[in-house]
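Please look over the sequence and the structure shown below before reading on. The report that follows is meant to be read with both in view.

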Amino acid sequence: MDIKAYMHTVGQQARAASRLMAKADTNAKNKALTAMASAIQRDTAKLIAANAKDLAEAREAGLEEALLDRLTLTEKGVAGMAEGLLQIAALPDPVGEITGLNYRPSGIQVGKMRVPLGVIGIIYEARPNVTADAAGLCLKAGNAAILRGGSEAIHSNQAIAACVREGLAAAGLPATAVQVIETTDRAAVGELITMKEFVDVIVPRGGKGLIERLIAEARIPVIKHLHGVCHVYIDDKADLDKAIRIADNAKTSRYGTCNTMETLLVAEGVAATVLPPLCKIYQDKGVELRGCPAARAIIPQMKEATEEDWHTEYLAPILSVRVVKDLDAAIEHINTYSSQHTESIVTEDYSRARRFLREVDSSSVMVNASTRFADGFEYGLGAEIGISTDKIHARGPVGLEGLTSQKFIVLGDGQVRG
């Protein structure tokens, strides 16, 4: 296959489809989403069979457990994809929304209208559910999408793509509004991230290596986060039953996700009380603990944490633990080592909770909740196309609003400028 020619054709088709999608009405978009969801539900067995092929090949290739976890599609996962599409269909259509309309002294009215971004390129590894999530969100926001999944998920992604095409056809929308790249050749990524005449924004979902490559080579704006070094801080004013429940879930709910806690911070005033029962839970679940000297004095079985541990996204049953003096020290640690993804405080002190929300510089900041909630589905976005730790345009889980922009509009009645 001539990759350059293939990708050029894909880009041209996406640009043409984006113009049709920008003017597609809400009913057509919702009909497509509903039909996609129905096709996915109907084809559950077919999707799981395709996924089984990917899993067999991935195991043979020696893929690590965190990647296998992300790659796996279960019946519950397939149902979640369909539910996500139905939730997106139920959300208000952002396209064409006018806000901030005000009269100026000249008599003109000035406001802003929400509009699609155009063509969105999504590059992702392992997770097949991204194919459905990204297709649905891009479609509802009036965009065309070019989806390039990882080679390890090629059978799963193509099976889901068939359901997506069926949904587009049912609503009379262009088949090229969502194109799933059919080649596993890595050169396709190189072409996609430099086709600035056809693609308006790139959204990567994958490991640090992939995202670093895209940042270095892309000639198109990238909405991204590098990794998820997420923290939970147990304050000395915390309800310790809540704290144990939250810290357990934040780490052990799933190990291979970017919203999993990687460092636990505990105020010195409650460390001796809360660490023994919490660490027993971790040890019973096979979590390796790496602690600071104060944490190891309480739990001697912990390995010694290194400076590198505080920076590390493990994506594995490994947890760094640090005992800190107080809230100030916790915030200082987080703002030093965090990847600005998601942080949580467990406290019953309202003022401290407000300080944590205000002073921690991350895309999602929580009070008395597990970091595992940092997810578009859980935030009511229907799904997400990724997490952004950037500070412009979109930040946090990227849903419909993050896939649109705004333009100024002016309403006049014959005014001319003097």
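The sections below describe the model, its sheets, a helix, its cores and some single residues.

## About the model

This is a predicted model, in which local features need pLDDT of at least 70 and side-chain atom pairs count only at pLDDT 80 or more, while totals for chains, interfaces and linings use all residues. Residues are numbered from 1 along each chain as its sequence is written, and side-chain values use heavy atoms, with hydrogens and water left out.

## A parallel sheet of four strands

Helices (H or I, at least four residues) and strands (E, at least two) are DSSP runs, numbered from the N terminus. Two strands are said to pair if DSSP finds at least two bridges between them. An open sheet of four strands, paired in parallel, has the order S5-S4-S3-S6. Strands S5 and S6 (201-205) stand at the edges with a single partner strand each, so one side of each has no neighbour in the sheet. From one strand to the next, the twist averages 15°; angles run from 0 to 180 degrees between N-to-C directions, and axes are lines fitted to C-alpha atoms, for helices over the stretch in contact.

Three bridges join S4 and S5 in the parallel sense, and Leu 147 has Val 180 in S5 as its bridge partner. Helix H6 packs on the sheet, where it touches S3, S4, S5 and S6, and its direction makes about 165° with that of S3. Helix H1 lies across S3, S4 and S5 and runs at about 150° to S4.

## Helix H1

Helix H1, residues 3-22, has 20 residues and reaches 28 Å from its first C-alpha to its last, close to the 28 Å expected at 1.5 Å a residue; the expected span is 1.5 Å times one less than the number of residues. At its start, a side-chain oxygen of Asp 2 comes to within 3.2 Å of the backbone nitrogen of Lys 4.

Buried means under 20% relative accessible area, exposed means over 50%, and partly exposed lies in between (1.4 Å probe, protein chains only). The buried residues of H1 include Ile 3, Tyr 6, Met 7, Val 10 and Arg 15. Among the elements that cover the buried residues of H1 are helix H2 (26-42), strand S3 (119-124) and helix H6 (129-140).

## An antiparallel sheet of three strands

Another open sheet consists of three strands in the order S1-S2-S16, with antiparallel pairing. Its edge strands, S1 (98-103) and S16 (404-411), each pair on one side only, and the twist averages 20° from one strand to the next. Four bridges join S1 to strand S2 (residues 109-116), and Thr 99 stands opposite Lys 112 in S2.

## Nonpolar cores

In soluble globular proteins, nonpolar side chains tend to be buried together. A nonpolar core is a set of buried Ala, Val, Leu, Ile, Met, Phe, Trp, Tyr and Cys residues joined through side-chain atoms within 4.5 Å. The largest one has 75 residues, and those with the most contacts inside it are Ile 40, Ile 122, Leu 147, Val 199, Ile 202 and Ile 385. Apart from it lies another core, of 42 residues, among them Ala 250, Val 270, Cys 292 and Val 321.

Contact means heavy atoms within 4.5 Å. Not counting residues up to four places away in sequence, Ile 385 touches several residues, including Ile 120, Ile 122, Leu 137, Val 203 and Leu 403.

Which side chain is joined to that of Asp 248 by a polar contact? A contact of 2.7 Å joins Asp 248 to Thr 252; a polar contact is a pair of N or O atoms within 3.5 Å, where, within protein, one must be able to donate a hydrogen and the other to accept it, and residues adjacent in sequence count only if both atoms are side-chain atoms. Asp 248 is found in helix H10 (residues 240-252) and is buried, with a relative accessible area of 15%.

Ser 362, in the loop between helix H15 (350-359) and strand S13 (364-367), is buried, with a relative accessible area of 6%. The side chain of Ser 362 makes a polar contact with that of Ser 338 (3.5 Å).

## Positive phi values

Gln 340 has a positive phi of about 65° although it is not a glycine, and this residue is partly exposed, with a relative accessible area of 25%. Leu 315 likewise has a positive phi, near 50°, but Leu 315 is buried, with a relative accessible area of 18%.
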